[in-house]
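Subject: Structure handover

Hello,

Please find the structure below, followed by notes on what was found in it.

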Amino acid sequence: MSEASNQPRSTFYNNARTSIGSNLSRQRTLSSSSIDPYEDPVLGLERVSQSQTIRRRPRRSENPEAADGRSELEEDHALSSKFESLNYEICENQLYRDAEFKSGHQLNLKRIQLNRWIACFLIGIFTALAGVVIDILVSTSANFKFNYVLQTLVDKCDDGEAIAGGGCMWLVQLAWMAYNCSMVFIAACLVIFWAPIAAGSGIPQIKCFLNGIHIPEVVHLKTLVVKVFGVSAAVAGGLCAGKEGPMIHSGGAIGAGISQGKLHKKLDPGFFREFRNDREKRDFVSAGAAAGVAAAFGAPIGGVLFAIEEGASFWNQALTWRMFFSAMIASFTLNATLTYYFKQDGLLSWNGLANFGVFEDKKYTIWEIPLFLLIGVIGGCTGALFNSLNYRISEFRKKFVSNKWQRLMEALLVAAVSAFTGFVTLFVVDDCVPLGLGENRTEGLNRLYCKKGEYSAVANLFFANPEESVKSLLHSPIGSFKPTTLLIFAIEYFVLSVWTFGLAVPSGVFIPALLTGAAWGRLFGLGVEWLFPNVAGMDPGKYALMGAAAQLGGVVRMTISLTAILLEATKDMTFGLPIMLVLMMAKWVGDFLSDGLYDLCIELSEVPLLGWNAPKMARNITAGTVMRSDILAMEKRVRVGRVMEYLTATSHHAFPVVDRIDESDISRLPDYGRLEGYILRTQLVALLKKRAYRHEWEEDLVGKMMSEQDFIEIDSDEVLPEVGDEDENAWMDLSPYMHPHPHRVPLNASLPFIYRLFRGLGLRYLMVVNEDNRLRGIITRKDVARFRNTKGFALRELYITDHQY
């Protein structure tokens, strides 16, 4: 193609340039290729579920002030346009293929394979060290709080009036609340003012990342630092929060950081450069998540199953083996380090951050199976209630607690209320039992309201380490807790957990759910013992274990991985069958009533997640309806000025490459020719930075001017290089760099078929062509994700909006 051959189309290009440059002010036009006739893919899609509601439904991207009116609409949901997909597909361009002809390529492949194992080994080591730091910080804070803050005040109270009297009791309570609030203040400030993405457990964000969605800063170094120190402060501050969920997020961040071989752009020693792409990074984040579970629960097998069930959307046998290797290294390293710290050198049977102990009485009979199933039903109901209440609170936060100082004050309020609730319960509920009956973990608090030689069972639940409280409920002998104590504690801890999850602090839901379920499960066991007093072998501890499993399963809807985690945490396979049955029942009942907690968090964040299954009742929705027809394409040989226009006027991350572009006689859109590939925005930026173009037309124009290394770590958001007027007319040859065989579907391909392609192959783009292979549109993740099923498999179509609360 010569320069002269482009002259007849100069009028079209000038018109296109004017159209692109003014796209922010142009009016919407009707489109016949979508359920929503008002879509404008160049500006950001805006879609509604039914055409008859277009006029009465608020347009959030056009009128953000009208967004509050959407609360009146039942099915008004949105997807955020700020989330982009990750590039999991390998760009098999000419540079990629030529690499196989280079000498030493096979040796290089072996080196890369060895580096994968080295990286997984380091991921296990550093994930375990992060867990060690968290555990030591929480333990040190607890010792300081009990031995210095609380013990000093209690000793002073013993010298004066009755401890249960007014002034002294309030002094102890105020000191406890002040310490807790100071710890939560640190955790909240780290999140609010430095790394907001570190709030919560982080599991929904890691799940989205592994699904193929780029969540900004989700695996950055500062996120890891805030996660480790923030969750330590939050747990030390007495919140109803666990450190196990944040450990999974921390493991994922460590996996991402180690695999990229650098801490920051300015601190780059150059390690593992071959892994600096989204595909490799995804696999190492999966290994980090598995290592995080292994470090948290001492459950390497459970960690692998968790990464497969909840995290990794794409895996293979080799990846599974590397995940297990990282998990085993993490578990071994954490055990070896903590046993040294706690002066039990060589005791490698240490059980991670959550030690649930070993059951001595392992008997259960067949007639107890229906009771276990009933516990599963209760867990499914209470889990669904937890999720529904937390979702409503999170919606309220999203609308009305968006200010940084409001979020900080809410965190401090929850910390104060949690401490106050524990002290009030300790004062109101009289549950003092002899020291020999159960384990006493609160030497100072038991003296506030109990006689000498006794301790408060309420204090043993509210003020001990949450993991120790779970262990106490599972293994304390009969009579250690009164039914009233268990009932009041379960209700209060349930409410506080609902309120706490979603605060602007790093916090997990695993331990709070396990503790709540263990409390009402033990109460259930006491009820069974009361109903059948003559049955031997009744142990409320095993019912506490089933209740803990049911509550957590009802909240997070995990089955296989949670079964393995609980079995490894308790070091016994005896209860494998009842735990599995309880979790299955809790999931079935919970799914009937509501979605899982992590799915609700993702929905509230408006993330375009692709689930395991395609939408039902969608076979009559075809690619012609789903696709974006208003696209911008390029030819293989293009002017630099044309490239700069496209990159400056749009935020598109990829551009189809066709054999020719003509002006259409029947549409304002160009008439694109046959599809030959696509070129990424990052590749175009790299070509411009390296000035990979020529002013005179040549065959094999710039095919040898770039290498694979030149395209590593180019950010699509980087500032475009300055291009002089004389360079705008230079030629750029895209054929050596474009992806020459993109996935494509015909116009009549069904939505379920398209969905399976995106979900199974991890696609970011899918081209739509007619029977002559002429480009007609492009489909992205958001175009597919906006189709959702409601109850009864009714199909709805969501917004895609730029508006953020």
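Glycine 242 is buried, with a relative accessible area of 3%; buried means under 20% relative accessible area, exposed over 50%, and partly exposed in between, with a 1.4 Å probe and protein chains only. Please note that this is a predicted model, in which local features need pLDDT of at least 70 and side-chain atom pairs count only at pLDDT 80 or more, while totals for chains, interfaces and linings use all residues. Residues are numbered from 1 along each chain as its sequence is written, and side-chain values use heavy atoms, with hydrogens and water left out.

The loop that holds glycine 242 lies between helix H6 (221–236) and helix H7 (244–260). Helices (H or I, at least four residues) and strands (E, at least two) are DSSP runs, numbered from the N terminus. Leaving aside residues up to four places away in sequence, glycine 242 touches Val231, Val235, Ser507, Gly508, Ile511 and Pro512, where contact means heavy atoms within 4.5 Å. Its C-alpha atom is separated by 9.2 Å from that of alanine 513, 271 residues apart along the chain.

Strand E14 (residues 765–769) is mostly covered, with five of its five residues buried. Tyr765, Met767 and Val769 are buried on one side, and Leu766 and Val768 on the other.

E14 is joined to strand E13 (residues 744–746) by three bridges, and the two run parallel. Two strands pair if DSSP finds at least two bridges between them. Valine 745 has valine 768 in E14 as its bridge partner. Between E13 and E14 the chain passes through helix H25 (residues 751–761), and this β-α-β crossover is right-handed: with the strands pointing away from the viewer, the path from the first strand over the helix to the second runs clockwise.

With strand E15 (residues 775–780), E14 runs antiparallel, joined by five bridges. Here tyrosine 765 stands opposite threonine 780. E14 and E15 form a hairpin with five residues between them, and asparagine 773 in the turn has a positive phi of about 65°.

**The protein overall**

The protein has 26 helices and 18 strands. Of its 805 residues, 57% count as buried. Among contacts between residues at least 6 apart in sequence, 76% join residues at least 24 apart.

Regards
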